[in-house]
Amino acid sequence: MASSDLEDLCFHINMKISTIKKTLQLRSIGQEPSFKSMLCKIGHEMVLLHDLLNKMEIEVQQQEKLKNLLKELQKSAERDQSEAQHLRENIPLHLPKPTQSCVAVKSEEQTKAAEPEHAKKPAKEPRFIKEASLITTEEFESVPAYMKGRLTYDQVNAVVQDLNKAVVGKYKILHQPLKSMNAAVRNLYHRFLEEETKDTKGEFFVVEADIKEFTQLKVDKRFHRILNILRHCQRVREVRGSRLVRYVIC
């Protein structure tokens, strides 16, 4: 056996012997009447210390839960701030009235400068564009909780306003004389006609491309969740076909 192993063994045995001696000494001390009261007091303080440590452990656990809750609140506040910023940056110029309204679209008549003697043609009758009315508070409260989630009343109506903005932008173009359009507007005009179907004849509708063209609304998951609410409240309905979803104003 190596000398280092023997030394380690001797050290281990000596430590055991020392521990046993200390135990026996403490045992004999505990039997002496002069030390019994002191040992009882120490034991009582140990119990109090143990209770204090338990309370501290409970308090630490509660603080940990509170920290996690505050983190969730912070994330929620950041999401709300982002949505509020988006709404602030995308406020429409003209807010629709709470009741269903129509927008009169006046077509402009061009006169020839070379022929001033010709009288101006009478203006055409205004064309009407159907808009979705805003959701009322009673309707919003009747929407199932699973459908609303964290969405607010104002967020839903903001999407209604953007849909109306897209509808007005689209049908203003459709009501214009073809000869007054530039190339870009004419391309939009022909796209609008191609998206018409027999199911949308006489209806007012938009597709996602129109929403992106005329508004700054993001067509994301939140947008589709709000569309579910609008379908529930009978503001829009969907007509599908040719790989397109058409949002028809009810």
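Reply: R222 is buried at a relative accessible area of 19%, where buried means under 20%, exposed over 50% and partly exposed in between, with a 1.4 Å probe and protein chains only. This is a predicted model, so local features need pLDDT of at least 70 and side-chain atom pairs 80 or more, while totals for chains, interfaces and linings use all residues. Residues are numbered from 1 along each chain as its sequence is written, and side-chain values use heavy atoms, leaving out hydrogens and water.

Me: Which side chain does R222 meet in a salt bridge?

Reply: E83, at 3.5 Å, N to O. A salt bridge here is a side-chain nitrogen of Lys or Arg within 4 Å of a carboxyl oxygen of Asp or Glu. The pair links distant parts of the chain, 139 residues apart. E83 is partly exposed at 22%.

Me: How many salt bridges does a search of the whole structure find?

Reply: Eight. Among them is R235 with E139, closest N and O atoms 2.6 Å apart. R235 is buried at 9%, whereas E139 is partly exposed at 23%.

Me: And what about R231?

Reply: R231 bridges to E238, with the closest N and O atoms 2.4 Å apart. R231 is partly exposed at 28%, and E238 is partly exposed at 26%.

Me: Switching topic: which residues are linked in a network of salt bridges?

Reply: R191, E195 and D210.

Definitions and conventions: Helices (H or I, at least four residues) and strands (E, at least two) are DSSP runs, numbered from the N terminus.
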